Amino acid sequence: MFALLFGAVSLLYATVGQAGGTAFLALMALASFPSNEMRPTALLLNIVAASYSTWLFNRGSLVDWVKLRPLLFASLPTALAGGFIVLDERLYKTVTGLVLLLAAAILALRRAHDGEADRPPPFWGAVSIGAAVGFVSGLTGVGGGVFFAPLLIALQWASPKQTAALSAPFILANSVVGLAGAMYAGQTPAADTWLFTLAVFGGAMIGTIVGLRWVSQTMTRHVLAVILGAAGAQLLFF
C-alpha cells in the first residue's frame with residue numbers, strides 16, 4: 001500500500017518534470033522512517049524516476065545540453081560533498097523540514113513566464129546556482145529539481161517546458177553522486193526500497209507522458225505544495 005503512494009507521487013511529479021525527492025522525504029517523514037534511511041532511499045528513488053524522464057526527453061531532443069552543462073558540472077562536486085555530511089537526527093529533520101517548507105512555498109507561489117523570451121544564463125550565475133542546489137540535494141536527499149526548476153523560470157533562463165527537460169538530467173546526476181556520498185558515509189536505503197522503485201518507475205513512465213501531452217501543471221503544483229508543507233511541519237514541530 002505504501003509503495004502505491006510512492007508511485008502516485010512519482011506520477012504527479014513527473015507531469016512537471018520532477019523526480020519526487022521532496023515528496024518521497026515527506027512520505028517517509030509522515031511514516032516515521034529512521035533519518036539514516038530517508039536520504040539514501042529518496043536519492044535512489046530519484047534516480048529511478050529521473051532516469052526514465054531523462055531518456056524520454058533526450059529521445060525527443062528536448063534537452064538543451066549546452067545550457068545545462070555549467071549548471072550540472074558546478075552541482076556535482078557540491079552534491080557529493082553534501083552526501084558525505086551526516087547530520088544528527090534532530091538537525092537532519094530540522095534542515096529537511098525547512099527545505100520541505102521552502103519547496104512547498106516555491107511550488108505554491110512560483111509563476112510561469114510563458115510569453116517572455118529566454119535569456120542565456122551568465123556563466124558565474126549558472127555556476128553559483130548549480131553549486132548551491134547541488135549541495136542541498138546531496139545533504140538532504142531532495143534531488144534539487146524543486147529549487148532548480150523555479151529558479152530557471154524566475155530568472156527567465158528557460159521556458160516551463162524546457163525547464164522540465166533540463167530538470168530531469170540535473171536531478172539524475174545529482175542524485176547519483178549524492179547517493180554515492182551518503183552510502184560512503186554509512187547510510188543505506190530502507191529494506192523495502194526495491195518495492196518502492198517498481199512503483200516509482202511505473203509512476204514516472206505514466207506521469208512523463210501525461211505531462212508532455214495533457215495535464216495542467218497548476219493543480220499538481222498546489223496539491224504537492226500542501227503535502228510538502230504538512231510533512232515539513234511534521235518534521236519541525238512533532
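Gln156 has a relative accessibility of 19%, so it counts as buried; buried means under 20% relative accessible area, exposed over 50% and partly exposed in between, with a 1.4 Å probe and protein chains only. This is a predicted model, in which local features need pLDDT of at least 70 and side-chain atom pairs count only at pLDDT 80 or more, while totals for chains, interfaces and linings use all residues. Residues are numbered from 1 along each chain as its sequence is written, and side-chain values use heavy atoms, with hydrogens and water left out.

Back to Gln156. It lies in the loop between α7 (145–154) and α8 (160–184); helices here are DSSP runs of H or I with at least four residues, numbered from the N terminus. Ser32 sits in the loop between α2 (21–30) and α3 (35–59), and with 56% relative accessibility it counts as exposed.

Another loop residue is Trp214, between α9 (193–213) and α10 (217–237). Trp214 is exposed, at 63% relative accessible area.

Now the aromatic rings. A pair is described by the distance of the centres and the angle of the planes. Rings of Phe, Tyr and Trp (its six-membered ring) pair if their centres lie within 6.5 Å; planes under 30 degrees apart are stacked, over 60 edge-to-face, and the rest tilted. The count by this rule is eleven aromatic pairs. In one of them, Phe2 and Phe6, the centres are 5.1 Å apart and the planes at 85°, so the pair is edge-to-face. Both are in helix α1 (residues 2–14), four residues apart, so about one helical turn separates them. Phe2 is partly exposed at 24%, whereas Phe6 is buried at 0%. Phe2 and Phe6 form one aromatic cluster with Phe24, Phe33 and Phe196.

Which residues touch the most other members of the largest nonpolar core? Of its 60 residues, they are Phe6, Phe24, Met28, Phe148 and Leu228. A nonpolar core is a set of buried Ala, Val, Leu, Ile, Met, Phe, Trp, Tyr and Cys residues joined through side-chain atoms within 4.5 Å. Leaving aside residues up to four places away in sequence, Phe148 touches Leu68, Leu71, Val133, Leu166, Ser167 and Phe170, where contact means heavy atoms within 4.5 Å.

Last, Phe84: it lies in helix α4 (residues 65–84), and at 41% relative accessibility it counts as partly exposed.

Notes. Helix = DSSP H or I, 4+ residues; strand = E, 2+ residues; numbered from the N terminus.
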